[in-house]
Amino acid sequence: MSELSSKADQLKRQADLLGLTREAVFTDEQAKEVLQGKITDGYLVKVKIDLDSLNGMVLILVSSIRKHIMELYAVVGTSPTFRRIRTFADHVQISTDLGDIGKTGGYDPAISENIGRAVHRTFTKEKLEELLPLWQKKDPSHIAEILENPILMATKGRNIKLQAEVDKISTAKFRYENPMKGVILPIPKPEDEAPNAQDASIPSVSTEPTKGEGSALERQIAGFRVGFPKELNMKTVISPINGVEFDNLIEGMEILFRVPTETPEGMTNAQILGLIDEEGKIKKEPVVGKFLGIASNKTEYHIFAEGPNQYLLHSVEEHPVKVAIPKPTVMAGAGNKVGAGQTQKKKGGQGQTQEPKSSGANLFMLMGAFITIVLIGVLIFVMVIL
């Protein structure tokens, strides 16, 4: 039974590898040659990142035959494990270390995703066609130069250092034996990005603002982003009755946002802000931010506020709205003052009711004394006569 089970496992493994290999090649014949070791169907680009106070790794699995990215992993954070990872190390060891970091939560999912999306936008099919001949010669020298600006733009970082290596590899074996499975998910290609937005991260494209209102809006938005380590897309909490109109918002005023948890990015942001409890339930409390300002043109109103941990909160409205603010809380001191006033009034009332009682008692005492004097006088008069 053990031999039959072993043979069944081997057959299943071969079938799985064949299926994965077909995704990296054009024909079944190429897939068989890859599995037989006659040709190699891919490259693994290993990039180590030192970004301000963060460290991390990006692994890019590229099909050398189809000339596109098969899988991309970006893991960036503050875990001390990052420092011992070296780009020349075996990819299995690197993947194991990254999987361990994922299990301990020593990385920032939001920043990692932003970096991964930036790399996706940079390594277009045209760019890969330029780089693949260099990688065939084991020349990774251009990778750091190409990725520096896109990563800085995606993270609003200031200082960056990149180290890169390229390994020839079987894409199917990397995917089949990946130690990160079930712990760290690959960063998906941003298919929803417009072509212009995709090209914006590529260094060869000019970043000079175009003339017109749109460029002015972008300059306004860029001004609010300066100095913030991370930007979170939010939704404005609107209050048509008790809210504050745009014109009446003052810098530093507390306003309310909520996280749009309908999207994967929103769920990540909710986790960053600590809005997900141990049971995976999302807290309903709104997020409080200190109002910074509004960047706008005729059709868009971008609201910016400083949120928890110096995150930049950013929401977009199509027209002016009344923004909700935190409800004022009744201070304990005020309640004590009210209670004290009521007590004083009560005491005062008691004093006023006691005053007539005191006056009546004094009157009875005077009448008693007068009667006593009269009686004594009568007795003295009678005794004199007798």
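At what angle do helix H4 (residues 109–122) and H6 pack, and how far apart are their axes? In this predicted model, the angle between H4 and H6 is about 140° and the axes lie 9 Å apart. The chain has 386 residues, of which 38% are buried, and its secondary structure comes to eleven helices and twelve strands.

**Whole chain**

- Of the contacts between residues at least 6 apart in sequence, 66% join residues at least 24 apart.

**H4 against H6**

- With an angle of about 140°, H4 and H6 are oblique to each other, because only angles over 145 degrees count as roughly antiparallel.
- The crossing of H4 with H6 is right-handed.
- On the H4 side, the contact is made by Ile 111, Asn 114, Ile 115, Ala 118, Val 119 and Thr 122.
- On the H6 side, the residues in this contact are Ile 146, Leu 147, Pro 150, Ile 151, Ala 154 and Thr 155.
- Sorted by class, the H4 and H6 contact holds nine nonpolar and three polar residues, with no charged ones.

**H5 against H6**

- Helix H5 (residues 125–136) and helix H6 (residues 141–155) have axes that come within 10 Å and cross at roughly 150°.
- H5 is therefore roughly antiparallel to H6, since the cut-off for that class is an angle over 145 degrees.
- H5 contributes Lys 127, Leu 131, Leu 134 and Trp 135, which meet His 142, Ile 143 and Ile 146 of H6.
- By class, five nonpolar residues, one polar residue and one charged residue make up the contact of H5 with H6.
- Ile 146 of H6 takes part in the contact with H5 and is also listed in the contact with H4.

**Ser 79**

- Ser 79 sits in the loop that lies between strand S3 (68–77) and helix H3 (91–104).
- The relative accessible area of Ser 79 is 8%, so Ser 79 counts as buried, the limit being under 20%.
- Apart from neighbours within four places in sequence, Ser 79 is in contact with Ile 101 and Gly 106.

Note on methods
Residues numbered from 1 in each chain as written. Predicted model: local features only at pLDDT ≥ 70, side-chain atom pairs only at ≥ 80, totals over all residues. Heavy atoms only, no water. Axes fitted to C-alpha atoms, helices over the stretch in contact; angles between N-to-C directions. Helix = DSSP H or I, 4+ residues; strand = E, 2+ residues; numbered from the N terminus. Parallel < 35°, antiparallel > 145°, perpendicular 65-115°, else oblique. Contact = heavy atoms within 4.5 Å. Nonpolar A, V, L, I, M, F, W, Y, C, P; charged D, E, K, R; others polar. Buried < 20%, exposed > 50% of the residue type's maximum accessible area, 1.4 Å probe, protein only. Left-handed = near helix turned anticlockwise from the far one by under 90°.
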